[in-house]
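This report covers selected local features of one protein model. Please read it alongside the sequence and coordinates.

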Amino acid sequence: MSPLLPSPAEHFGELLHDVQLRRLFPDGKHFVDMEPRQDPVKIMSAYRSLQSLDDAALAAFVSQHFDPPLGLSTPVRQVGPQQTLLEHIRVTWDHLVRQPLKVSPYSSALSLHAPFLVPGGRFRESYYWDSFFTMLGLRADGREDLLEATIENCTSLIERFGFVPNGSRTYYLGRSQPPVYYLMLDLSRMNCQATRKRRLDALLKEHDFWMTDAQALHPGDASHRVVCMPSGSILNRHWDESARPRDESYAEDVMTAQHSACDPVHLYRNLRAAAESGWDFSSRWFGDNTGLSSTRTVSMVPIDLNCLLVGLEQSIARRARQLGAYDIALRFEGFAKNRSNALQVYCWSEREQRFGDCLWSNGEMTSSVNAAALFPLFTGVASAEQANAMAVLVSSSLLAPGGIRSTTLQSGEQWDMPNGWAPLQWIATIGLRNYGHVDLARAIAQRWVSTVRRDYEDFGLLFEKYDVEHQTPGRGGEYPVQTGFGWTNGVTRALLDEVEVTAATANTGVESPEHSKAQEEI
């Protein structure tokens, strides 16, 4: 983490501990997004001079020394004459845009140089992989202004920090998210020589971030985000530079540690690494499939992360070749080939006929069947035969009435069954279509758009995630389902161009008890 940009936990230590564990605010993000009114050193000096405070006195102290968070995202709920889903998405872009702000020296917000989109709800800042899937809709709606602004902000973040943080907050500076910057660039129409060179430099810098210490490893070793497999192949895992409770979910992490037999420091690192994956949280990361306290993210080689890194390496090679940097192109073509070969060895099960994650210490695949296994189709890592096998798996295990389920295990975590998420619908649809499974790809797209449209017609809102079993807003995890919502808008808008969904597909005319209950709760 940058020593120049301490997180709220580093600034406010025991004050943050007390505020978060006493649940002074219902949402753990609230306090860490508040704006300090003066130097944190002075605030902490004042706090330490006081005797023990009850909750009311603690709330008064916080109110005296902090301003409320800036940029609260207001849900865009349709009232009056109903807009179509397409009209609603187009209108929502401008509601999710935030202008660059002058960031105070003690704020947790990171300065951004161009306008940015927030996902919606509790999320007041930009997020890395959310941004790409949101951009799919911007491209479909011709919003070049916001698309290029998003790329500019990500490019600037890489130039400043060496990577795109999880989100634009200091408390996210210990981790990134799935590396989709290269996919963002593929949506851009800017093609001048200087821009191409600058963006290639940023791609190289991001690759360096993921490959830190790679040259120093021997089989069975791991450091930061790189692991050396038993064969000597280099693959990647998720990580975080910090091993303490997440600032924004402090109480939740402390509680999880209290219910775990693991060393808390080890568990906190694993929880943070899962947050870097974007799948926070899921049985995919569980060590014994019993719960969050068994999370073992840093022990695993995720199939989706490594497929995206193949894509990053191929993108660098292609862009370098276009600029005449043939030595870089050859080197990265070799990296991509070696990584693809290693994924065939460690992340494909011939017996089970599926892709999956593996444990880097012994190269054994985990038992989790999940939608991340479709990334090899999205990035072209799979063979035709493997794609055919994955199509069978999708049809038998992952395809639900409302889209693709995240996993086949119902744990109560938000990245598990019954939930489906917009990014996974896009990856599945495009991956299967690329290998000729057009009907299955269309079915996924139709079912997802049907779900989103159905709930939009009932609630006038788009949601962060959906229960794809019952076609209702999603549930589970650390916080209530959020509305807005950037990547749902983006993927749904793009899928509306992929398929034509009829009114009959969108609404079966049968309302489940779960759907009626969801209407009462929203």
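Contact here means heavy atoms within 4.5 Å. By that rule, and leaving aside neighbours within four places in sequence, Pro219 is in contact with Cys228, Met229, Pro230 and Gly232.

## Model and confidence

The model is predicted. Its mean pLDDT is 93, and 93% of the residues reach 70 or more.

Residues 501–512 have pLDDT under 50 throughout. For this stretch the model has 16 contacts beyond four places in sequence. Where pLDDT is low, the predicted coordinates should not be read in detail.

Pro219 is placed in the loop between helix H9 (193–210) and S5. Its C-alpha is 6.6 Å from that of Ser231, although the two residues are 12 apart in sequence.

S5, S6 and S7 form an open sheet of three strands, in the order S5-S6-S7, with antiparallel pairing. Strand S5 (222–223) and strand S7 (234–236) are at the edges; each has a single partner strand, so one side of each is left without a neighbour in the sheet. S5 is joined to strand S6 (residues 226–228) by two bridges, and Ser223 stands opposite Val226 in S6.

## Glu248

The loop between S7 and helix H10 (250–258) contains Glu248. Is Glu248 buried or exposed? Its relative accessibility is 6%, and the cut-off for buried is under 20%, so Glu248 counts as buried.

The side chain of Glu248 makes a polar contact with the side chain of Arg175, at 2.9 Å. Not counting residues up to four places away in sequence, Glu248 touches Gly28, Lys29, Val32, Tyr171, Tyr172 and Arg175.

H17 has 22 residues and reaches 31 Å from its first C-alpha to its last, close to the 32 Å expected at 1.5 Å a residue. Gly460 follows H17 and has a positive phi, near 70°.

Helix H18 (residues 486–498) has 13 residues, which should span 18 Å at 1.5 Å a residue. The C-alpha atoms at its ends are 19 Å apart, in agreement with that figure.

How many of the 13 residues of H18 are buried? The count is 11, and H18 is thus described as mostly covered. The buried residues are Gly486, Trp487, Thr488, Asn489, Gly490, Val491, Thr492, Arg493, Ala494, Leu495 and Leu496.

## Cysteines

A disulfide is a covalent bond between the sulfur atoms of two cysteines. With a cut-off of 2.5 Å between cysteine sulfur atoms, the count of disulfides in this model is zero.

Cys307 is in no disulfide, and the nearest cysteine sulfur to it, that of Cys347, is 7.8 Å away. Cys307 is buried, with a relative accessible area of 0%.

Cys347 is likewise in no disulfide. Which cysteine sulfur is nearest to that of Cys347? It belongs to Cys358 and is 4.2 Å away. The relative accessible area of Cys347 is 0%, so Cys347 is buried.

Key
Residues are numbered from 1 along each chain as its sequence is written. This is a predicted model: local features need pLDDT of at least 70, side-chain atom pairs count only at pLDDT 80 or more; totals for chains, interfaces and linings use all residues. Side-chain values use heavy atoms; hydrogens and water are left out. pLDDT is the predictor's confidence in each residue, from 0 to 100. Helices (H or I, at least four residues) and strands (E, at least two) are DSSP runs, numbered from the N terminus. The expected span of a helix is 1.5 Å times one less than its number of residues. Buried means under 20% relative accessible area, exposed over 50%, partly exposed in between (1.4 Å probe, protein chains only). Two strands pair if DSSP finds at least two bridges between them. A polar contact is a pair of N or O atoms within 3.5 Å; within protein, one must be able to donate a hydrogen and the other to accept it, and residues adjacent in sequence count only if both atoms are side-chain atoms.
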